[in-house]
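Thanks for coming. I have one structure to go through today, so please have a look at it first.

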Amino acid sequence: MIMLILGLVVIVILALVMSLLVIRRGPEATTTRTFSSSLTPPPGARLPRELQDEVRDIASRGNTDQAVKVLQKRAHLPLPQATAIVYALQAGQVFPEPEPISTAPASPTRRRGAVDAELLATLRRLVSQDRLRRTAAIRLLRERTGMNGRDARRFLDAL
């Protein structure tokens, strides 16, 4: 009989401790819920106009989750950012369109140039000197021909 009473006392004490823990965690849980519902879109977000219209249309039909998934997949965004953008689109926000990809020719330093006799002689002279001169030869070859570092080193190794 004493064991039964002792067991009941332990259970009551554990119940009180657990309820205190739940009460203490209550405000934290509601804080995180309000934080996640008040998401703001990332600054500088750019989306094509067609995608904005499509997502806004899907969300206006009551399919917010589907709109988030479409935006997440097509714009390659993480879930929180996609959710924030969908809510912003529903509120009437319009995002700027992305910059068009430039088709301009490569800069003069990146164009492939030919290795002429004068450059070849300069490179041989630099390579035959110390290691610091070899670095200068690599840099010169990269500037004149547009080669990357690995190709320039291989070219100099072949001399």
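Predicted model: local features only at pLDDT ≥ 70, side-chain atom pairs only at ≥ 80, totals over all residues.

The side chain of R61 makes a salt bridge to D57, and the closest N and O atoms are 2.8 Å apart. D57 itself is partly exposed, at 40% relative accessibility.

How many salt bridges does the count come to? Six. I will take two others.

The next one joins E99 and R46, with 3.7 Å from N to O. E99 sits in the loop between α4 (79-90) and α5 (117-128), while R46 sits in the loop between α1 and α2 (49-60), so this pair ties together parts that are 53 residues apart in sequence. On accessibility, E99 is exposed at 59%, and R46 is partly exposed at 41%.

The last one is between the side chains of D157 and R134, at 2.3 Å from N to O. Here D157 belongs to helix α7 and R134 to helix α6 (residues 131-145), so the link is between parts 23 residues apart in sequence. Are the two partners buried or exposed? D157 is exposed, with a relative accessible area of 54%. R134 is buried, at 18%, because the cut-off for buried is under 20%.

Staying with α7, which spans residues 149-158, the buried residues there include G149, A152 and L156. They cover an arc of only 65 degrees around the axis, so they lie on the same side of α7. As a reminder, an α-helix has 3.6 residues a turn, so residues three or four places apart point the same way. On the face of α7 turned away from that buried side are the exposed residues R150, R154, D157 and A158.

Now the surface. A nonpolar patch is formed by M1, L4, I5, L8, V9, I11, I13, V17, M18 and L21, with about 1000 Å² of accessible area together. To pick one of these, I11 lies in helix α1, residues 2-37, and is exposed at 54% relative accessible area.

Finally, the chain as a whole. It has seven helices and zero strands. Of its 159 residues, 23% are buried. The accessible surface comes to about 12000 Å², with 60% of that belonging to carbon and sulfur atoms. Among contacts with a separation of 6 or more, 54% are between residues 24 or more positions apart.

That is what I have.

Note on methods
Residues numbered from 1 in each chain as written. Heavy atoms only, no water. Helix = DSSP H or I, 4+ residues; strand = E, 2+ residues; numbered from the N terminus. Buried < 20%, exposed > 50% of the residue type's maximum accessible area, 1.4 Å probe, protein only. Contact = heavy atoms within 4.5 Å. Areas by Shrake-Rupley, 256 points an atom, 1.4 Å probe, with all protein chains shown as cover. Patch = residues over 30% accessible without salt bridge, like charges linked within 9 Å, V, L, I, M, F, W, Y side chains within 5 Å. Salt bridge = Lys/Arg side-chain N within 4 Å of Asp/Glu carboxyl O. Arc of directions from axis to C-beta.
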